Amino acid sequence: MLYKPIGKFINSEGEVEDGVNSEQFAQEMLWLQDKVKLIEVHINSIGGSIIEGFSIISSIQNSKVEVHTFNDFFCASISALILASGHKRFAKDFSSMMIHNANSNDADMSEKDKECMTLFNNAIITILNKRSILDKDLVKELMDQETYLDSFQSQDYGFIDEIIPTESTFEIQANFKDQLVPEQLMNIMNKIKMSKTVINAAEEKLGKESAVSLTNEAAPEKEPDT
């Protein structure tokens with residue numbers, strides 16, 4: 001489960017925090033090699049260290065066991081590359097990914113540092129080119145534009161192989177709707193429309209903040225869930 005930034009990161013309080021550790025990931029991959037027939041890597045990460053990320057990518061590529069990667073919601077930056085590196089790649093239908101150029105927080109980079117960034121970007125282009133239907137020029141263009149892709153666009157470009165559809169959790173939703181008589185459905189729709197009409201009218205007359213306060217006060221207490 002890669003559910004944190006890759007490598008160390010700065011949290012909201014300005015403190016350094018440990019994210020996904022590539023060495024630990026590699027050790028776990030090695031430990032699993034003769035114990036399982038399939039490894040699933042689930043990702044929901046904003047990205048992070050490119051060096052740590054490429055270690056994870058190499059661990060996946062070096063695996064003798066088939067590795068499936070999953071976009072569980074958002075794969076950005078180096079996490080998008082990890083997603084694309086799986087032997088088979090999946091994404092939830094509500095998920096998205098983002099690719100961009102490697103960057104540095106140092107505004108005054110030396111020429112050597114710039115050369116290093118160029119090498120990193122070439123490495124990213126190599127991975128995304130090999131793991132998609134896009135040529136290197138198109139990959140570079142997407143990176144330059146800092147491109148966000150939903151799951152369907154990701155599949156169209158070849159970054160993932162299969163989309164996992166979101167199914168209704170409760171079959172009762174469909175069954176209950178079918179059992180409603182037209183009069184009941186109409187009453188429900190009228191209540192929804194009336195609520196919107198009352199709120200809109202209050203906003204126009206009292207201003208949005210006052211309207212929100214008024215409708216909150218007028219709303220009945222929520223009944224217990226059944």
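Is Glu162 buried, partly exposed or exposed, and what is the relative accessibility of this residue? In the predicted model examined here, Glu162 counts as partly exposed, at a relative accessibility of 33%. The side chain of Glu162 meets that of Lys88 in a salt bridge, with an N to O distance of 3.6 Å. Because Glu162 belongs to strand β8 (residues 162-164) and Lys88 to strand β5 (residues 88-92), this pair ties together parts that lie 74 residues apart in sequence. Lys88 is likewise assigned to the partly exposed class, its relative accessibility being 32%.

In helix α4, Lys114 and Glu111 are three residues apart, about one turn of the helix, and their closest N and O atoms are separated by 3.8 Å. Lys114 is partly exposed at 40% relative accessibility, whereas Glu111 is exposed, with a relative accessible area of 54%. In helix α5, Lys140 and Asp144 are four residues apart, again about one turn, and the closest N and O atoms of this salt bridge lie 3.0 Å from each other. Both partners are partly exposed: Lys140 has a relative accessible area of 41%, and Asp144 a relative accessibility of 46%.

Helix α5 spans residues 136-144, and its buried residues are Val139, Leu142 and Met143. These residues cover an arc of only 100 degrees around the axis and therefore fall on the same side of α5. The elements covering them include β6 (96-99), α4, β7 (147-150) and α6 (151-157). At the start of the helix, a side-chain oxygen of Asp135 comes to within 3.2 Å of the backbone nitrogen of Asp137. Just after α5, Glu146 adopts a positive phi of about 50 degrees.

A polar atom of the Asn121 side chain is positioned 2.6 Å from the backbone nitrogen of Ala102. Asn121 is classed as buried because its relative accessible area, 15%, falls under the 20% cut-off.

Helix α2 comprises 13 residues (50-62) and reaches 18 Å from its first C-alpha to its last, close to the 18 Å expected at 1.5 Å a residue. Its buried residues are Ile50, Gly53, Phe54, Ile56, Ile57, Ser59 and Ile60. Covering for these positions comes from elements including α1 (22-32), β4 (66-76), α3 (78-84) and α4 (111-130). The N-terminal end of α2 is capped by Ser49, a side-chain oxygen of which lies 3.4 Å from the backbone nitrogen of Ile51.

Cysteine residues were also considered. Zero disulfides were found in a search of the whole structure. Cys75 is buried, with a relative accessible area of 0%, while Cys116 is partly exposed, with a relative accessible area of 28%.

Note on methods
Residues are numbered from 1 along each chain as its sequence is written. This is a predicted model: local features need pLDDT of at least 70, side-chain atom pairs count only at pLDDT 80 or more; totals for chains, interfaces and linings use all residues. Side-chain values use heavy atoms; hydrogens and water are left out. Helices (H or I, at least four residues) and strands (E, at least two) are DSSP runs, numbered from the N terminus. The expected span of a helix is 1.5 Å times one less than its number of residues. Buried means under 20% relative accessible area, exposed over 50%, partly exposed in between (1.4 Å probe, protein chains only). Contact means heavy atoms within 4.5 Å. A polar contact is a pair of N or O atoms within 3.5 Å; within protein, one must be able to donate a hydrogen and the other to accept it, and residues adjacent in sequence count only if both atoms are side-chain atoms. A disulfide is a pair of cysteine sulfur atoms within 2.5 Å. The arc is that of the directions from the helix axis to the C-beta atoms. A salt bridge is a side-chain nitrogen of Lys or Arg within 4 Å of a carboxyl oxygen of Asp or Glu.
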